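Trainee: Could you take me through one part of this structure closely, and then show me what else is worth looking at?

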Amino acid sequence: MLAGASLALSPSLLAATRPVDENSWALLADLHIAADRTRVAREINMTRHLQIVSDELLALPKRPAGVFVVGDCAYNSGEKEDYATLTDLLDPLRGGKLPVHLALGNHDQRENFWEALKEEKTAKRPVEERQVALIATPEVNWFVLDSLEKTLQTPGLLGQAQFDWLAKTLDANSTKPAIVLIHHNPGILGTIGGLKDSEALFEVIRPRKQVKAYIFGHTHRWMHWEDPSGIHLVNLPPVAYIFQKGDPAGWVHATTRRDGLRMELRGIDTAHKDHGQVVDLKWRAV
Ligand SMILES: [Fe+2]
């Protein structure tokens, strides 16, 4: 805890006083936070990586409108204690008035997650049994879906209830660009361990031209490409460890505008060649 005299210098308190940029968003994935803060995996300390990102977010001259964590919040099997540590690590962001929106991945456990993050459990969810949300903002509607089918099983599944809600909600919100956030990558030809029902997902989102991007984590790789329909597919880097040597770990600073999205890669290692890389996505026509 902070002593009284140092309160004035708390990064959270400082962040809370800064103006909000309504179009600025922090996109994070694959935190893999373990109960034990000192835990190291693949040569990195996951807690330290999240703290580096959190410190950077709190120091931005303008406060982002929100933070998304696109799944794999927990280290491996989604233990209650992992989420207790995660809650503590997210406190500075919440104290800095940065809303944090969490999605689940295959290393999460839904009941443990809800038990530890009480406010998530009591939040009104449009699809009762899943961690699903619509975050409506001036420039864009963010759809957070839940692809956790079974903890520790690599592939994911959305299921019919989420497709029904997504289709219905997109139809009711057709004039504003929509971005879909899902932990799992599309399970397209040649890839394993992705979203098992991605064809059904594409059947919902391809014809609904307001859907502009599908953003995911899971593979721990920073990549982006375009579906033939014009939907942007964005693979976020992991905040935690990389799988392939040379890939960046970090987060993406996204800035929304009516006709697209500016993404800036923020590396944990600021000497990484991709740190500061800017990718400008232009939305497909309606
Ligand atoms: Fe992961």
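Mentor: Let's start with helix H7, residues 198-205, whose buried residues are Ser198, Leu201, Phe202, Val204 and Ile205. Buried means under 20% relative accessible area, with exposed over 50% and partly exposed in between (1.4 Å probe, protein chains only); helices (H or I, at least four residues) and strands (E, at least two) are DSSP runs numbered from the N terminus. This is a predicted model, where local features need pLDDT of at least 70 and side-chain atom pairs count only at 80 or more, while totals for chains, interfaces and linings use all residues. Residues are numbered from 1 along each chain as its sequence is written, and side-chain values use heavy atoms, leaving out hydrogens and water.

Now look at the iron ion: its protein donors are Asp30 (OD), His32 (NE2), Asp72 (OD) and His220 (NE2), 2.0 to 2.2 Å from it. Donors are N, O and S atoms within 2.8 Å of the metal (3.2 Å for Na, K and Ca), and sites may look incomplete because water is not among the atoms. Along the sequence, the donor residues are spaced D-x1-H-x39-D-x147-H. Asp30 counts as buried because its relative accessibility is 0%, and His32 does so at 1%. Leaving aside neighbours within four places in sequence, Leu31 contacts several residues, including Met46, Leu50, Asp72 and Leu86.

Note on methods: Contact means heavy atoms within 4.5 Å.
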